[in-house]
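Welcome, and take your time with the view below. Please have a look at the chains before reading on, and keep the picture open as you go.

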Amino acid sequence: MGIVNENTEAPVNTDQSESDVTIILSELLLDILREKPQEADGIDSVVVVDNVPQVGPERLEKLKNVIHKIFSKFGKITTEFYPEADGMTKGYIFLEYAAPTQALEAVKNADGYKLDKQHTFRVNLFTDFDKYMTISDEWETPEKQPFKDFGNMRHWIEDPDCRDQYSVIYEAGERTAIFSNDAKEPITAEERARWTETYVRWSPKGTYLATFHQRGIALWGGEKFKQIQRFSHQGVSLIDFSPCERYVVTFSPLMDTKEDPQAIIIWDILTGQKKRGFHCESSAHWPIFKWSHDGKFFARMTQDTLSIYETPSMGLLDKKSLKISGIKDFSWSPGDNIIAFWVPEDKDIPARVTLMQLPSRQEIRVRNLFNVVDCKLHWQRNGDYLCVKVDRTPKGTQGVVTNFEIFRMREKQVPVDVVEMKDSIIAFAWEPNGSKFAVLHGESPRINASFYHVKNNGKIELIKMFDKQQANSIFWSPQGQFMVLAGLRSMNGALAFVDTSDCTMMNIAEHYMASDVEWDPTGRYVVTSVSWWSHKVDNAYWLWTFQGRLLQKNNKDRFCQLLWRPRPPTLLSTDQIKMIKKDLKKYSKIFEQKDRLSQSKASKELVDKRRAMMEEYRRYRETAQQIYQEQKSIRLELRGGVDTDELDSNVDDWEEETIEFFINEEIIPLGDL
Amino acid sequence: MKPILLQGHERSITQIKYNREGDLLFSVAKDTVANVWYSVNGERLGTYNGHTGAVWCVDCDWDTKNVLTGSADNSCRLWDCETGKQLALLNTNSAVRTCGFDFSGNIIMFSTDKQMGYQCYLNFFDLRDPQQIEDNQPYLSIPCNDAKITSAVWGPLGEFVNAGHENGEINQFSAKSGEILKKAKEHSRQINDIQTSVDLTMFISASKDNTAKLFDSTSLEHIKTFKTERPVNSAAISPIMDHVVMGGGQEAMEVTTTSTRIGKFEARFFHAAYEEEFGRVKGHFGPINCVAFHPDGKSYSSGGEDGYVRIHYFDPQYFDFELEGPVRPFG
């Protein structure tokens with residue numbers, strides 16, 4: 001057994017296995033050795049605390065106790081020094097801890113600690129002062145990074161024929177392509193193998209295409225779809241963009257440690273910097289963070305809490321979250337910085353929906369609801385109306401009925417109107433920029449489609465109801481007025497194209513086994529598709545006009561997903577739009593002429609192509625026929641001199657035979673003679 | 001055109017073939033039965049009894065004297081066409097997948113499956129040498145080491161056999177030496193059927209990769225491709241028009257949803273030079289396994305998974321049809 005002298009590290013006793021013992025003891029003492037005082041350490045364990053109250057000797061003892069209570073949480077305080085001047089403490093103190101790690105803890109946790117209204121502690125390492133003091137006086141201009149020119153990021157909008165683009169993933173995800181939509185046939189803009197590993201997403205104004213990879217996501221844009229930015233987030237599975245396209249939020253279930261929240265990361269798109277990381281318990285309701293329409297705020301809901309953050313600081317608004325006991329769901333108005341949220345019944349307090357203005361946090365409207373089972377919030381796209389779908393079990397009954405509580409956001413004091421529905425609700429959708437909404441209700445096979453108009457005079461009128469519809473989803477055109485009622489998946493792809501200005505069915509059609517319906521951003525075209533992800537055969541996407549006229553059927557091997565590229569908001573003022581609509585006749589003449597020209601050009605191209613193919617085929621057949629003729633003698637020999645080149649080659653050998661065979665029997669009674 | 005419905009099989013049809021003159025139509029199926037019918041009215045002439053397993057293939061010689069069948073009962077049998085008598089029984093180690101008479105009718109070839117430890121072989125017997133039949137000794141037996149042969153046809157003069165394989169390859173085997181004369185790798189998945197034009201100068205291959213392709217029989221040059229969105233089970237070339245017909249559909253086990261449309265499975269007609277579809281004929285209740293043109297080109301037949309064989313005589317419009325303006329489907 002040897003004892004290691006700490007200072008000399010030489011064993012005092014020499015045994016057979018003295019070196020082994022040295023090693024073992026060294027390991028055992030490793031922890032203690034770590035704490036072994038070194039000369040320089042003395043300074044590393046010291047912190048300086050500023051904004052300490054300046055007190056006289058009579059209150060010093062109390063002050064020291066308070067400081068001690070707060071700061072001994074981080075470690076053992078070995079020394080403390082309270083500098084004085086003119087009988088009062090100067091307002092800053094020095095504290096020495098037993099180890100530098102403890103000093104770091106103190107800085108991390110106590111910096112910013114609010115002692116009282118006038119005193120918020122600032123805590124720094126003593127060595128930091130040194131560091132900052134020794135910063136070179138000479139200013140070195142940071143190296144200029146070469147400007148990465150990605151070209152015109154809005155290039156696709158400048159297409160002279162106003163073609164919108166859409167992305168297509170096919171070959172089960174192996175290939176991704178970008179097409180320009182032309183009524184005749186899609187024009188390929190870009191096509192790459194393995195561009196993404198799972199799926200793709202467009203940014204809200206269409207500037208970027210995001211692709212997913214094991215290591216993170218990549219953003220592509222510009223005329224040639226160059227890589228604009230890359231964000232490293234191992235195992236990323238979900239993303240969300242801020243509406244302004246300034247930030248992107250990524251989620252990965254893999255990366256999360258207690259000290260360094262990494263499950264959700266918010267990135268600045270232009271600089272590529274990581275702005276902030278958050279924990280995340282489950283990604284079940286993505287996006288976890290909901291953005292206000294202008295990108296100024298984002299918020300998330302956790303147990304009994306609503307946390308609202310502001311940009312660009314990424315800090316909590318007013319430095320604290322809102323405590324809302326029982327909060328079940330919330331959503332931002334798409335037009336204003338207003339949050340709607342609802343809480344269920346609590347003992348004798350009824351359930352209620354609240355509208356809160358941000359950043360003032362003023363409650364502009366509260367609505368009590370009774371016997372509530374569940375609520376869903378549906379905002380109209382401009383924020384003009386909020387519909388709260390309330391499922392209730394009225395007192396004394398067993399069943400569940402549904403009410404739509406319609407909040408009129410643009411009217412003083414936000415009046416609420418109620419529409420009672422007898423059936424169970426399958427789907428609900430607001431007209432994007434209007435005051436109508438559509439509801440699918442009932443149970444298969446008696447599903448009804450009802451259209452309501454929220455009128456200015458305080459009434460909500462049922463315009464029309466279609467019964468016995470094969471539909472489970474509603475798709476409004478983004479420009480309003482037109483819509484598609486679709487029976488997706490299990491309803492075998494039944495489609496109904498409706499004009500809601502007079503509630504007429506423009507066309508009823510079918511895309512067998514359709515799984516998705518996507519309107520283009522202008523509302524001119526609709527795409528229905530059968531995704532390989534939901535059905536393994538007949539994978540294709542079909543293009544229709546908004547009136548339901550089928551234009552194209554595009555089969556794609558193992559087609560998975562089609563997404564239209566969004567358009568940025570129009571630069572035209574409402575007056576300018578009015579002017580264009582007035583002069584529309586003038587413009588439409590020019591467009592019609594252009595269309596006719598391109599039609600005939602296409603026919604001519606097709607005719608030329610066919611002619612070339614036929615000529616080539618004929619040439620091949622002629623050559624083959626020549627060889628065939630040359631081989632005739634061989635053929636005769638193989639068949640013992642019998643010429644079988646034509647079916648009637650041996651007409652002389654034919655025998656003609658007439659056969660009668662029974663075809664039919666008909667018995668006609670002649671009646672009593 | 002109202003089709004003639006032949007009901008003679010209880011399980012799915014595996015192959016149908018017309019004789020050279022077209023008056024007879026042979027059909028074989030998974031129910032071990034081999035039938036022969038008059039193509040003019042669909043009346044059944046007779047049955048060739050003997051196989052104890054699914055019959056995969058059938059062929060008739062140029063003179064309509066002999067009939068050849070291959071079966072999963074590990075035998076290839078030769079029959080007298082008129083009397084139905086079994087003339088020869090050639091036992092094999094595994095199922096016989098494809099068979100055929102050469103141009104002269106003197107040499108038969110058939111391929112056996114890769115099964116139960118046995119390789120895939122392409123066997124050749126000369127019928128003029130009875131010893132070969134008696135001893136069950138082919139004069140040439142070519143082993144196929146990799147992908148098994150799934151369909152094969154003779155060349156125009158009996159000199160080679162063009163065989164399609166499970167992996168989409170087409171190999172041209174010499175019937176004299178057994179060596180591979182030419183190769184073609186145009187399909188990406190299994191070749192389900194190969195049929196020749198009536199003059200044997202070209203053939204069409206139907207594949208699981210959703211396409212059918214036209215090849216020159218001698219050079220194996222790839223001439224045309226016809227694309228669909230379903231696996232193609234069988235394809236045939238019209239004797240008198242620049243048309244091809246294709247039949248297919250997904251495998252029975254992949255059908256999980258019931259369509260409300262009965263008789264949804266269609267035979268599709270393509271223009272041979274333009275590679276464009278111009279017509280479809282509905283009627284089968286299951287995928288179509290085999291299609292064949294009558295040698296005079298005035299009718300065609302199809303055999304389906306539903307066990308029915310349908311004979312269709314073309315309307316006069318079919319022959320006048322021009323693909324110049326917008327496509328007008330017919331039938």
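This is a predicted model: local features need pLDDT of at least 70, side-chain atom pairs count only at pLDDT 80 or more; totals for chains, interfaces and linings use all residues.

Residues are numbered from 1 along each chain as its sequence is written, chains are lettered from A and ligands numbered from 1 in the order in which they are written, and side-chain values use heavy atoms, with hydrogens and water left out.

Let us begin with chain B, which has two helices and 28 strands. Helices (H or I, at least four residues) and strands (E, at least two) are DSSP runs, numbered from the N terminus. Of the 331 residues in chain B, 61% are buried. Here buried means under 20% relative accessible area, exposed means over 50%, and partly exposed lies in between (1.4 Å probe, protein chains only). The accessible surface of this chain is about 13200 Å², and carbon and sulfur atoms account for 47% of that; such areas come from the Shrake-Rupley method with a 1.4 Å probe, and for residues only the protein chains shown count as cover.

Now find the open sheet of four strands in chain B, with the order β2-β3-β4-β5 and antiparallel pairing. Its edge strands, β2 (13-18) and β5 (44-48) of chain B, each pair on one side only. Two strands pair if DSSP finds at least two bridges between them. Strands β3 (residues 24-29) and β4 (residues 34-38) of chain B are joined by five bridges in the antiparallel sense.

Is A:N403 buried or exposed? It counts as buried, at 6% relative accessibility. Apart from neighbours within four places in sequence, A:N403 is in contact (heavy atoms within 4.5 Å) with residues including A:V388, A:R392 and A:V419.

Elsewhere in chain A, a nonpolar patch lies on the surface, made of A:L572, A:I577, A:M579, A:I580, A:L584, A:Y587 and A:F591, with about 620 Å² of accessible area together. Patches are made of residues with over 30% relative accessible area and no salt bridge; like charges are joined within 9 Å, and nonpolar side chains (Val, Leu, Ile, Met, Phe, Trp, Tyr) within 5 Å. Helices α7 (574-582) and α8 (584-630) of chain A each supply at least two residues of this patch. A:I577 lies in α7 of chain A and is partly exposed at 31%.

Side chains of opposite charge can pair when their charged atoms come close. A salt bridge is a side-chain nitrogen of Lys or Arg within 4 Å of a carboxyl oxygen of Asp or Glu, and the structure holds 47 of them over all chains. In helix α8 of chain A, A:D608 and A:R611 are three residues apart, about one turn of the helix, and form a salt bridge with closest N and O atoms 4.0 Å apart.

Back in chain B, B:K282 forms a salt bridge with B:E266 at 3.4 Å between the closest N and O atoms. This pair links distant parts of the chain, with B:K282 in strand β25 and B:E266 in strand β24, 16 residues apart. B:K282 is exposed at 53% relative accessible area, whereas B:E266 is buried at 17%. Both belong to a network of salt bridges that also links B:E229, B:R268, B:E277 and B:R280.
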